[in-house]
Amino acid sequence: MQPALLDRWSRQASILHRRDPRAKIAAALVFLVVVATAQPALLPVSAGLFLFLCAGLVVARLPLGGALLRAGIVLPFTLTFAAICWMAGDPWRGVSLILKSYLSALAVLLMVSTTPLPGLLRGFERIGAPRFLLMVSQFLYRYLFVITEQAQHMSKAAACRGGMRFRAAAGALAVLFARSYSQAEDIHRAMLSRGFEGRFHGPEDTRFRAADALFAAAACCAPLLLRLVIERVAA
Amino acid sequence: MKAVLEVRNLHFRYADGTPALNGIDFTLAEGETVALLGANGSGKTTFLMHLNGLLTGEGSIQVCGMAMEKPNLRAIRAKIGMVFQDSESQLFMPTVLDDVMFGPLNQGRSAAEAAKRGRAALETVGMAHAAGRAPYHLSAGEKKRVAIAGILAMDPEILVLDEPTTFLDPPGQRALADLLVRLPQAKILVTHDARFAQALSHRAVFFQSGKIVAEGSVEELARRFAWDLEMEGAR
């Protein structure tokens, strides 16, 4: 997954982008619960929820194909577990795992693609997520690019000198770790220099408007109703 | 002219016993710019780390009339703005404006006031257009400017710049020099670039083995220590 691409997507303008992060977080959480607990008529329910998310992607004016493809990032992991289930004689559980993980990833992708990271973290903070966890997430996101770039430079430097074999790669990883540690110290010093005393002070929150409340109510109820209707029809 | 910084007989040893500073005496007057020249490992950066209490040695340091003591640290860090060598370590927030607001928010200012100061500081360094951008999208010169804006937003009386021209191309160095000349604060400039120091500084001091061994104009010290002629000599 390319974080820079997600960052670009999240800063576009659409009716979904304009909604308060808290409304989108609530909708995504409800969707995840609806998906995770779906049992009867799983295939038609999954198809319905998939179309619901596709509609969300269209409303958010995100590239449908690109988003569907990127949500597949979870598949290598779930396919492994699905294969284990299949070998254990429970193929249906494997199928369920693949469907649920893909739909969950797509829902989360829709949320992060319509909410810039600072707003998303602020939204999580407002609904009571642990501040320390959010701080770590923020730093991870910020410095992922820097560390990735350093790793790419090291890889190029190794390629110029005949390529990176296992031993060299292990050494490079150790150097990368040491550099990251040293950079963490530098960052801490820079934070102290600007008066940091252990607590992040966020900018004021945007108002949670009636439109956000309406959106949250609709986006929370829709997947639930969709599932109930499909389950009833299938029964 | 009034002294804004007075350092007397400063000594420091690292935890492993390595002596780093051996009796530094240094004074900085209001509005003055002083260049700190000297080889790598001569103690310049260690000295800077003492100026806002990131390191603590023996001796006395007075910043704007305040002794370097724990109860004064918050006020001292508001008076001394440190611009670190690697801007990547200094820009840790998700967006440029968030980063510039970090210091004012830590000073206890309201989010609206911090945003106002942040935007004004970005305007001063010519980066107002980048307020909503992520720091990793900026060039090295732009990152340096934003790092300086992050300090200016705190309204310091002294700017401390550690190797500010690192990673900057010649146009970037010229633009930075033009910016720094316009800023009214007293400045301490650590640099290996004697020409850059000459363009900005009223005087210079030369560090050697943790001591200030000479003081005078940049031209005088550069000539005496063959500081900018070494490469030409090697040719």
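Modeller: Start with contact: it means heavy atoms within 4.5 Å. On that basis, 35 residues from chain B and 30 residues from chain A take part. Keep in mind that this is a predicted model.

Colleague: What is the area buried between chain B and chain A?

Modeller: About 2700 Å². Carbon and sulfur atoms give 58% of that area.

Colleague: Why is the pair B:R74 and A:E197 called a salt bridge?

Modeller: The cut-off is 4 Å, from a side-chain nitrogen of Lys or Arg to a carboxyl oxygen of Asp or Glu. The closest N and O atoms of B:R74 and A:E197 are 3.8 Å apart. That is within 4 Å, so the pair counts as a salt bridge. The count between chain B and chain A is three salt bridges. The interface also has seven residue pairs in polar contact, both residues at pLDDT 80 or more.

Colleague: Which elements of chain B give two or more residues to the side that touches chain A?

Modeller: α2 (73-79), β6 (80-83), α3 (87-90), α4 (96-106), α5 (111-124) and α6 (140-152) of chain B. α4(B) gives the most, with eight residues. By class, this side of chain B has 20 nonpolar, nine polar and six charged residues.

Colleague: What makes β4(B) and β5(B) a pair?

Modeller: Pairing needs at least two bridges. Strand β4 (residues 58-63) of chain B and β5(B) have two, in the antiparallel sense, so they qualify. B:M66 in β5(B) is the bridge partner of B:V63.

Colleague: What is the strand order in the open sheet of chain B?

Modeller: β2-β1-β4-β5, with antiparallel pairing. The edge strands are β2 (19-29) and β5 (66-67) of chain B, each pairing on one side only.

Technical notes
Residues numbered from 1 in each chain as written. Chains lettered and ligands numbered in written order. Predicted model: local features only at pLDDT ≥ 70, side-chain atom pairs only at ≥ 80, totals over all residues. Heavy atoms only, no water. Buried area = accessible area lost by both parts, 1.4 Å probe. Polar contact = N/O pair within 3.5 Å; in protein donor to acceptor, adjacent residues only side chain to side chain. Helix = DSSP H or I, 4+ residues; strand = E, 2+ residues; numbered from the N terminus. Nonpolar A, V, L, I, M, F, W, Y, C, P; charged D, E, K, R; others polar.
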